[in-house]
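Visitor: I have a chain to go through with you. Can we look at it together?
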Amino acid sequence: MARAIWKGSISFGLVNIPIELHTAVRDHRPRFRMLHAKDRSPVRFQRVCIKDGHPVAWEDLVKGYEYAKGRFVVLTKEDFQAAALEKTRTVDIIDFVKSDEIDDRYFETPYYLVPAKGGERAYALLREAIREAGRIGIATFILRDAQHLAAVEVIGDALVLSVMRFADELVDTANFSFPPAGNIRKPELDMAKALVNSLASEWDPDKYSDKYRENLVRIIKGKVKGKEVELEPTTEAPRAEVVDLMERLRRSLEASGTRQRSAGRQRRSAAAEKRPAKGTRKAAARKRSRRAA
């Protein structure tokens, strides 16, 4: 098992469950370093003072907040310590709310809550209670000196903690102008709904992949081997002003139907390849008949 990034306990009511916090996502994209083009040596970046142009050592750095253009106030270690909350090792569940009441914009980074030794039974009890109640726990906890808002929910057999944004971190939709629904014609809406329904599908996360990452990995592997890699060209539909919305919807619907028929033929073809030949099916039926006799 991977190393825990945080250890503590979940607290709800008077119950405390020892847990470990493990990351639930991973970044697969290749990481790059800046190199000197001449000899491909890694480049080291220096901290340079803007005023005198000289490098600055780590021990000579302080943290400053720019409260006006070019005007800073310096914060010391003591200032940060005074502002910090008491470091606790507890995920304190404050409320249990209905999941559909939470705006998706609040959710940020997910982590797995894994029971520590001795906490398995209480962990399972909390998990099943949350599952049966159909609610999500809203909690606070301290990670790297900062307080975080979090959601504790059940996914399969796991309790998942998702770090959440606070309300004042979201940009209000009132800052933007969105078109009203009043000027939509019913034929257009019916056609758009038909297009949506033609693209309806079951959620399958394995169906989607990071094509950019895949292309980068192929190029990197090719360069390591000294080979030139040919990638499939991607074409993007030209941007154009929508003159006849109904005509665009109609064309989209026709294209969607063509894709669905093609996908259906591919599924039937794949199923036919897996299906035994006619003679084989008869032989298998005779064997079953003899076994039954």
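Visitor: Is Trp 203 buried or exposed?
Guide: Trp 203 is exposed, at 66% relative accessible area. Buried means under 20%, exposed over 50%, and partly exposed in between (1.4 Å probe, protein chains only). This is a predicted model: local features need pLDDT of at least 70, side-chain atom pairs count only at pLDDT 80 or more, and totals for chains, interfaces and linings use all residues. Residues are numbered from 1 along each chain as its sequence is written, and side-chain values use heavy atoms, without hydrogens and water.

Visitor: What about Tyr 208?
Guide: Tyr 208 is partly exposed, with 48% relative accessibility.

Visitor: New topic. How many aromatic pairs are there?
Guide: Three, from a search of the whole structure. Rings of Phe, Tyr and Trp (its six-membered ring) pair if their centres lie within 6.5 Å; planes under 30 degrees apart are stacked, over 60 edge-to-face, the rest tilted. Trp 6 and Phe 141 are edge-to-face, 5.8 Å between centres and 75 degrees between planes.

Visitor: Where do those two sit?
Guide: Trp 6 is in strand β1 and Phe 141 in strand β7, 135 residues apart. Strands are DSSP runs (E, at least two residues), and helices are too (H or I, at least four), numbered from the N terminus. Both residues are buried.

Visitor: And which part has the lowest confidence?
Guide: Helix α6, residues 278–292, at a mean pLDDT of 41. That score is the predictor's confidence in each residue, from 0 to 100. Where pLDDT is low, the predicted coordinates should not be read in detail.

Visitor: What is the mean for the chain?
Guide: It is 83, and 83% of residues reach 70 or more.
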